[in-house]
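Please keep the sequence and the model in view while reading the points below.

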Amino acid sequence: MSTVFRPNSRAWADLSGPSLIAATSERSIAVVPIGAIEHHGPHLPLRTDALVAESVAAAAVERVAADGIDAWLLPTISYAKSDEHYWAPGTLWMEGTTLLEQLIEIGRSIAMTPVKTVVFVNGHGGNVMLLGWVNRELHRRFGLRSFSMPSGIAAAGDGIDGRPDELGQGIHAGFGETSIVMHLAPHLVAPELPPRNVPEKIAGLQYIGFNKKPVMFGWTSDDFGPSGVIGDPTGANAEHGERLFTAGVNFVSEALAEIDGFVFG
């Protein structure tokens, strides 16, 4: 009698096809990190968003699996909707409709297994609205329970305890992102950090802006200057990055536990 090989891993891609079928069920959760390969100033790696999404998702999957939730980590989707950085060499981006079709086809493939729940853990702001579209498509077309969430709770530097005040506008390659990469992969952070680049005129507006202001607008990152930074990376440090990473893992783990028990109605 043949036996099914099951590696000691929560990585979907480490299993054989028969092993996956044997190991999963309708209660299983497919966790898909999604990030980007895009310009992050002169100091951070192009894969910053993919690095953060994958690191947080992997740690959260291990944690919830230890608590009995049958979560599986899928390969990270790194090429995404990054056209706000189209102008910067090194950015690798897809049209939104191209990425939409890719994610739908990944969902179709997941639906051919026993797994009925997919969760996207997203490290790139440019993917947010598209993932909302994907969730409904995967549910309507294939009957999947589909969810998306950020890889952490974004917060601009607030000017407290030595943190720079990014006026609520620190969204890209600033204090938070630089700190978390310093924690996860310090060897990938350039020793000289670029100067503060916070869009102060926008920060003073009541409705238009970033980070939950209600009026959205079209922009590309070079609208705010040639560095690609929107925020203040000065003062970034690995200790703050570790706190952000831990908070992200806690958030995603708790959300996965809620998703595990989620029912409509």
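This is a predicted model: local features need pLDDT of at least 70, side-chain atom pairs count only at pLDDT 80 or more; totals for chains, interfaces and linings use all residues.

- The model has an open sheet of 4 strands with parallel pairing, and the strand order is E2-E1-E3-E4.
- Strand E2 (71-73) and E4 are the edge strands, each of which pairs on one side only.
- On average, and with direction ignored, neighbouring strands of this sheet are turned by 25° against each other.
- E1 pairs with strand E3 (residues 117-122) in the parallel sense over 6 bridges, and Pro-33 stands opposite Val-121 in E3.
- E1 also pairs with E2 in the parallel sense, here over 3 bridges, and Ile-29 stands opposite Ala-71 in E2.

- E1 is largely enclosed by the rest of the structure, because 6 of its 6 residues are buried.
- Both faces of E1 are covered. One side carries Ile-29, Val-31 and Pro-33, the other carries Ala-30, Val-32 and Ile-34, and all of these residues are buried.

- H7 lies across E1, E3 and E4 and runs at about 165° to E4.
- H5 is mostly covered, with 8 of its 10 residues buried.
- The buried residues of H5 are Phe-175, Gly-176, Glu-177, Thr-178, Ser-179, Ile-180, Val-181 and Met-182.
- H2 and H7 are included in what covers the buried residues of H5.

**The largest pocket**

- The volume of the largest pocket is about 1,800 Å³.
- The lining of this pocket consists of 50 residues, and those closest to its centre are His-124, Gly-125, Gly-126, Val-128 and Asn-211.
- Two or more lining residues come from each of H2, helix H4 (128-142), strand E4 (145-150), helix H5 (175-184) and helix H7 (238-260).
- Sorted by class, the lining has 22 nonpolar, 19 polar and 9 charged residues.

**The loop between E4 and H5**

- Leu-167 lies in the loop between E4 and H5, and Ala-173 is found in that loop as well.
- The phi angle of Leu-167 is near 55°, a positive value in a residue other than glycine.
- Ala-173, although it is not a glycine, has a positive phi of about 65°.
- Ala-173 has a relative accessibility of 0% and so counts as buried, the limit for that class being under 20%.
- Apart from its neighbours within four places in sequence, Leu-167 is in contact with Gly-157, Arg-196, Val-198, Glu-200 and Ala-203.
- Leu-167 and Ala-53 are 114 residues apart along the chain, and their C-alpha atoms are separated by 25 Å.

**Pro-42**

- Pro-42 is found in the loop between strand E1 (29-34) and helix H2 (48-66).
- With a relative accessible area of 59%, Pro-42 is exposed, because that value is over 50%.
- Setting aside its neighbours within four places in sequence, Pro-42 is in contact with Ala-190, Pro-194, Ser-227 and Val-229.
- From C-alpha to C-alpha, Pro-42 and Met-216 are 27 Å apart in space, and they are 174 residues apart in sequence.

**His-240**

- His-240 is found in helix H7.
- His-240 is buried, because its relative accessible area of 12% is under 20%.
- Besides any neighbours within four places in sequence, His-240 is in contact with Arg-163, Phe-175 and Ser-179.
- Two of these contact partners, Phe-175 and Ser-179, are among the buried residues of H5.

Technical notes
Residues are numbered from 1 along each chain as its sequence is written. Side-chain values use heavy atoms; hydrogens and water are left out. Buried means under 20% relative accessible area, exposed over 50%, partly exposed in between (1.4 Å probe, protein chains only). Contact means heavy atoms within 4.5 Å. On a 1 Å grid over the protein atoms alone, a cavity is a set of points where a 1.4 Å probe fits but cannot get out, and a pocket is an open set with protein on both sides within 12 Å along at least five of seven lines; lining residues have an atom within 4 Å of a point. Grid points are joined across faces, edges and corners, and a volume is the space filled by probe spheres set on the points. Ala, Val, Leu, Ile, Met, Phe, Trp, Tyr, Cys and Pro count as nonpolar, Asp, Glu, Lys and Arg as charged, and the others, Gly among them, as polar. Two strands pair if DSSP finds at least two bridges between them. Axes are lines fitted to C-alpha atoms, for helices over the stretch in contact, and angles run from 0 to 180 degrees between N-to-C directions.
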